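Look it over, then read on.

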Amino acid sequence: MNTLIAIVGLGVFCLVAEIFNFRKAIIPVSVIALLALFGLTITDNLPQVAGDYSNMIEETSFSKTFSSLFILLTALLLVLSNNVYKNTSKISDFISIKIFMLSGAIAMVSFNNMAMFFLGIEVLSIALYVLAGSHRLDIRSNEAGMKYFLMGSFASGILLFGIAMLYGATGTFDVPTLYDASISANTEYWFYIGVILITIGMLFKIAAVPFHFWAPDVYEGAPLIVTAFMSTFAKVVAMAAFFKLITILNSYMAYSYEIVILVISILSMTIGNIMALRQNSVKRILAFSGISHAGFLLMTLLNIGAAANNLLYYSASYALAGVAAFSVLIYVCKNEDDDKIDNFNGLAKRNPLMAVIMSLALLSMAGIPILSGFFAKLFLLNQVISAGFLVLAIVAIVNSMISVYYYFRVILAMYTKDSVKQEVEHGSEFYIVGIVAAVLLIVLGLFPDTILHLI
Amino acid sequence: MQSILEQVGIGNYIILSALLFCIGAFGILYRRNAIIMFMSIEIMLNAVNLLLVAFSTYHQDASGQVFVFFTMAVAAAEVAVGLAILVSIYRNIGNIDIDNLKNLKG
């Protein structure tokens with residue numbers, strides 16, 4: 001709860017700083033504050049007093065570690081924003097919206113009452129609608145904002161109907177009572193309708209396959225820095241919240257529900273990868289690879305009792321690889337009209353360091369050893385096999401091999417094609433973020449134990 | 001004296017709000033005018049509000065009615081953002097037909 005209060009305070013500070021003409025200090029101050037909060041949250045051992053804050057918030061190791069991950073990602077992405085918003089007068093609006101979005105994300109993993117969860121997901125989504133349409137003179141950004149808004153509110157409506165059904169079956173929004181109802185034998189059938197509706201709403205939010213059609217368009221149209229937020233931060237947040245919801249509402253999963261999750265996971269991986277093969281825009285490649293990673297993340301639900309650490313590890317490695325890739329993508333595409341693969345031609349000669357960062361990020365997403373992406377997939381598949389879903393593991397491995405093809409298209413363009421453009425200097429933020437994220441990927445890959453026992 | 005809820009029955013309230021919810025959902029799927037789509041979203045959210053209030057009376061528990069206030073505030077914020085996006089679309093292309101938004105191909 002202290003984290004949440006501090007973050008909302010930071011958001012208000014960013015809004016007020018504009019009045020006192022502190023615009024230049026906004027990003028440094030908020031990044032330093034977020035790093036301090038990261039340290040405070042991850043080392044926070046204070047026992048929670050029962051009945052605090054009217055039981056709206058619960059502080060478990062799950063919520064603390066995921067909150068720390070979200071804070072770290074936001075800090076990295078805010079450093080990237082520095083260059084993007086350098087010449088606009090609206091910097092305080094954009095930064096404060098991003099920080100409020102973080103507060104929504106933290107509410108989504110530490111809720112102890114469905115009202116808190118609903119407010120969290122809406123704060124996150126509304127902030128993203130604004131950001132997706134934030135290039136207001138560019139019709140593509142408007143279109144992305146509109147599509148995201150329509151799909152997002154549709155999903156919120158379904159989610160809300162599910163919450164109302166849970167309330168109808170139990171007469172409370174309190175999470176422990178809902179958990180008791182979910183394991184009791186004589187719960188009314190409305191409860192299960194509610195669980196199904198909530199599942200559909202959350203599958204929309206994480207862009208898993210039957211509900212994925214909005215993702216590529218929105219990612220392509222939104223400004224690059226916002227796409228970075230959506231494909232790394234928002235996806236990980238939605239998945240963590242989905243995981244927590246399932247542990248509460250459906251921890252003893254029926255066989256039919258397991259089959260549904262299994263089929264959705266297989267479809268997400270396969271369709272995401274196959275669609276990514278024929279894309280030329282790097283944003284769309286990352287969008288479809290995000291859909292296939294959503295399939296991998298959904299596998300954690302099949303072994304819900306023991307998978308929380310794997311979810312954290314996979315989320316961290318996927319999100320950090322995404323941040324590294326987007327730092328290079330923003331660097332390369334800053335002065336371009338589009339984000340075609342051709343823009344990467346000859347990057348290795350123009351700027352070897354950036355090419356190395358991009359390669360590490362893509363290799364980690366593809367699952368090549370030493371990098372954390374490989375171990376994330378290894379631990380996940382180990383668990384899936386021990387839970388008895390051998391077919392799913394085989395499909396996942398085949399999909400990893402397919403995904404290598406389109407990741408290598410970008411890498412080959414950087415290393416084998418000739419460059420037609422001159423190098424322009426862009427500032428050091430991209431290097432800082434890219435190097436930090438790439439180093440974290442390698443460190444997590446070499447020492448997975450550092451975060452594998454946190455929850 | 002019986003309360004209204006006992007006379008009508010909770011089942012009918014559930015059916016009514018499910019119907020309203022479906023009207024909203026089909027409105028989003030089949031109508032192409034952005035304003036109508038916004039109204040459909042509102043119908044969906046208000047169907048949920050009706051359901052929450054009915055359940056709240058059924059369980060004699062006030063938290064459902066408090067939740068409705070949250071939902072209303074969120075719905076207002078959501079539509080405000082949606083209308084802002086719509087205004088910038090109108091400024092760019094001069095109309096609000098969703099079918100004109102085909103610059104991003106999937």
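The questions below concern a predicted model.

Q: How many helices and strands are there in chain B, and in what order do the elements run?
A: Chain B has four helices and zero strands. Read from the N terminus, its elements therefore follow the order α-α-α-α.

Q: Why does chain B count as more spread out than a compact globule?
A: The globule rule gives 13 Å for 106 residues. Chain B lies well over that, so it is more spread out than a compact globule. Its C-alpha trace spans about 60 × 25 × 25 Å along the principal axes. The radius of gyration is 18 Å.

Q: What percentage of the residues of chain B count as buried?
A: A residue needs 20 or more other C-beta atoms within 10 Å to be called buried. Chain B has 106 residues, and the share that counts as buried is 32%.

Q: Which residues of chain B does UniProt list for "transmembrane region"?
A: The listing comes from an unreviewed UniProt entry. In the model, residues 35-55 of chain B are 100% helix, with end C-alpha atoms 30 Å apart. Residues 67-90 of chain B are also 100% helix, and their end C-alpha atoms lie 34 Å apart. The record lists residues 12-30, 35-55 and 67-90.

Q: Which residues touch the most other members of the largest nonpolar core?
A: This core holds 203 residues. Helix α13 of chain A, residues 308-333, gives the most to this core, with 19 residues. The members with the most contacts to other members are A:V237, A:V323 and A:A324.

Q: Which residues does A:A324 touch, not counting those up to four places away in sequence?
A: A:A324 is one of the core members that touch the most others. Contact here requires C-beta atoms within 7 Å. Leaving out residues up to four places away in sequence, the partners of A:A324 are A:I357, A:L360, A:A361, A:G434, A:A437, A:A438 and A:L441.

Q: Is A:A276 buried or exposed?
A: A:A276 sits in helix α11 of chain A, residues 255-277. It has 24 C-beta neighbours inside 10 Å. The cut-off is 20 or more, so A:A276 counts as buried.

Q: How many Å separate the C-alpha atoms of A:A276 and A:S289?
A: A:S289 is among the residues that A:A276 touches, along with A:I285, A:F288 and A:Y406, not counting residues up to four places away in sequence. Along the chain, A:A276 and A:S289 are 13 residues apart. Their C-alpha atoms are separated by 6.7 Å.

How values were computed:
Residues are numbered from 1 along each chain as its sequence is written. Chains are lettered from A and ligands numbered from 1 in the order in which they are written. This is a predicted model: local features need pLDDT of at least 70, side-chain atom pairs count only at pLDDT 80 or more; totals for chains, interfaces and linings use all residues. A nonpolar core is a set of buried Ala, Val, Leu, Ile, Met, Phe, Trp, Tyr and Cys residues joined through C-beta atoms within 7 Å. A residue is buried if 20 or more other C-beta atoms lie within 10 Å of its own, exposed if 12 or fewer, and partly exposed in between; C-beta atoms are placed from the backbone. Helices (H or I, at least four residues) and strands (E, at least two) are DSSP runs, numbered from the N terminus. Two residues are in contact if their C-beta atoms, placed from the backbone, lie within 7 Å. UniProt positions are given in the numbering used here, feature names are shortened, and annotations may be inferred rather than shown by experiment. The radius of gyration is taken over C-alpha atoms; the globule rule is 2.2 Å times the number of residues to the power 0.38.
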